[in-house]
Amino acid sequence: MQIAADKVVSFHYRLSETNGELIESSHDSDPTLYLHGHKNLLGAMEEAMEGKQAGDKFTVEISPEQGYGQRKEGAVQRIPIKHLIDHAKLKNKLRPGMKVAVNTEHGPWEAVVLKVGKFNVDIDSNHPLAGKQLTFEIEIVDVRDATEEELAHGHAHGVGGHHHH
C-alpha cells in the first residue's frame, strides 16, 4: 500500500544535523505514527513520504526555511512556570539549557530554558532546531487505512501516535 492522503504511516527515523551530529532517533522505541495529508509533519517531510511504502528507506534534507525557520536574535521571553507543559513535575528540576514545552494557543511549542526564577522562567523562544540544516533518515514500517475516528480527529491513534486522556 502506498502512502497517500488519509493513510496512517508508521516509520522510524534518525534526525541529524547535516554535519552528521545525531539529534534524535526513534529506533529505541515504537515507530512514529502520523496521518498523511493532515499537516501533522513538516511539509517537506510529508511530500517526501508521498507514494512510498512499507520497507522503503530514504533520506530527506530539510532547510531551515522548510523546517523550523531561521533563529531570531533576542527571542527571549519571560513566562510563568505554570505555562510549561508538565510544570508540576518540572518545578524543582528546571535548569538552564533544558528543553521544555510551552502551552500556547497554537499547541505545544518547544523552547530552551535560559534562566530559572521562583515563579517565572526565561526561555529562548526559537525552536531548538531553528536555523539548522536537518537530515532525516526514514524507514517506512507500515502503511494502513485510517480509521473513521482518526480521520475525524485529524491524527493517528495508537502506539507512537496521539493518545487522548
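Buried means under 20% relative accessible area, exposed means over 50%, and partly exposed lies in between (1.4 Å probe, protein chains only). This is a predicted model, in which local features need pLDDT of at least 70 and side-chain atom pairs count only at pLDDT 80 or more, while totals for chains, interfaces and linings use all residues. Residues are numbered from 1 along each chain as its sequence is written, and side-chain values use heavy atoms, with hydrogens and water left out.

**View A. The salt bridge of Arg-71 and Asp-124.** Arg-71, partly exposed at a relative accessible area of 41%, forms a salt bridge (a side-chain nitrogen of Lys or Arg within 4 Å of a carboxyl oxygen of Asp or Glu) with Asp-124, the closest N and O atoms being 2.4 Å apart. The pair links distant parts of the chain, 53 residues apart, with Asp-124 in strand 8 and Arg-71 in the loop between strand 4 (57-62) and strand 5. Asp-124 counts as buried, at 13% relative accessibility.

**View B. The salt bridge of Arg-78 and Asp-122.** The two side chains meet at 2.7 Å, N to O, and join strand 5, which holds Arg-78, to strand 8, which holds Asp-122. Arg-78 is exposed at 56%, whereas Asp-122 is buried at 12%.

View C. Strands (DSSP runs of E, at least two residues, numbered from the N terminus) are arranged in the order 5-8-7-6 with antiparallel pairing, where two strands pair if DSSP finds at least two bridges between them. Strand 5 (76-80) and strand 6 (99-104) each have a single partner strand, so one side of each is left without a neighbour in the sheet.

How values were computed
Helix = DSSP H or I, 4+ residues; strand = E, 2+ residues; numbered from the N terminus.
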